[in-house]
Amino acid sequence: MDNCMEQEIAASLTEQVLEKYGDILELAPPEVPGHPRMSIQDRAAQFAPFAALTGHKEAIDETSRLMEEEMNSDLHY
């Protein structure tokens with residue numbers, strides 16, 4: 001895809017977004033009384049990657065190491 005076509009697509013998408021959401025894009029976020037705003041660092045932490053299965057990678061790595069040891073010891077016979 002050439003640069004001219006990419007620019008046309010981007011302009012078309014921008015136009016569609018502005019047409020659909022132009023009335024709310026510049027609005028300030030809602031303020032909830034009695035509920036303080038979250039800091040940028042705390043908001044970012046909510047979306048940071050996390051290890052759902054703690055220790056899972058280590059268990060796989062250890063199994064892989066043991067299998068390699070076993071395969072190498074079999075080759076020496």
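Trainee: Which residues make the nonpolar surface patch of about 560 Å²?

Mentor: Patches are built from residues with over 30% relative accessible area and no salt bridge; nonpolar side chains (Val, Leu, Ile, Met, Phe, Trp, Tyr) are joined within 5 Å, and like charges within 9 Å. Here the patch consists of V17, L18, Y21, I24, L25 and L27. One of these residues, L18, belongs to helix α1, which covers residues 3–21. Please bear in mind that this is a predicted model, in which local features need pLDDT of at least 70, side-chain atom pairs count only at pLDDT 80 or more, and totals for chains, interfaces and linings use all residues. Residues are numbered from 1 along each chain as its sequence is written, and side-chain values use heavy atoms, with hydrogens and water left out.

Trainee: How many helices and strands does the chain have, and in what order do the elements run?

Mentor: Helices (H or I, at least four residues) and strands (E, at least two) are DSSP runs, numbered from the N terminus. This chain has three helices and zero strands, and the order from the N terminus is α-α-α. The chain is more spread out than a compact globule, because its radius of gyration is 26 Å, well over the 11 Å that the globule rule gives for 77 residues. That radius is taken over C-alpha atoms, and the rule is 2.2 Å times the number of residues to the power 0.38. Along the principal axes, the C-alpha trace spans about 75 × 50 × 15 Å.

Trainee: Which pairs of residues illustrate distance in sequence and in space?

Mentor: T14 and A59 are 45 residues apart in sequence, and their C-alpha atoms are 47 Å apart in space. A44 and M71 are 27 residues apart in sequence and 44 Å apart, C-alpha to C-alpha. T14 lies in helix α1, whereas A44 is found in helix α2 (residues 40–47).

Trainee: What percentage of the 77 residues is buried?

Mentor: Buried means under 20% relative accessible area, exposed over 50%, and partly exposed in between, with a 1.4 Å probe and protein chains only. By that rule, buried residues make up 0% of the chain. T14 is partly exposed, with a relative accessible area of 46%, and A44 counts as partly exposed at 46% relative accessibility.

Trainee: How many salt bridges does the structure hold?

Mentor: Side chains of opposite charge can pair when their charged atoms come close. A salt bridge is a side-chain nitrogen of Lys or Arg within 4 Å of a carboxyl oxygen of Asp or Glu. The structure holds four. Among them is the bridge between E31 and R37, at 3.3 Å from N to O; E31 and R37 are both exposed.

Trainee: Which salt bridge do D61 and K57 form, and where do they lie?

Mentor: Their side chains meet at 2.8 Å, N to O. Both lie in helix α3 (residues 56–75), four residues apart, about one turn of the helix. D61 is partly exposed at 40% relative accessibility, while K57 is exposed, with a relative accessible area of 56%.

Trainee: Which residues are linked in a network of salt bridges?

Mentor: The network links E62, R65 and E69. Within it, the closest N and O atoms of R65 and E62 are 2.6 Å apart. R65 and E62 are separated by about one helical turn, because they are three residues apart in helix α3. R65 is partly exposed, with a relative accessible area of 38%, and E62 counts as partly exposed at 34%.

Notes. Areas by Shrake-Rupley, 256 points an atom, 1.4 Å probe, with all protein chains shown as cover.
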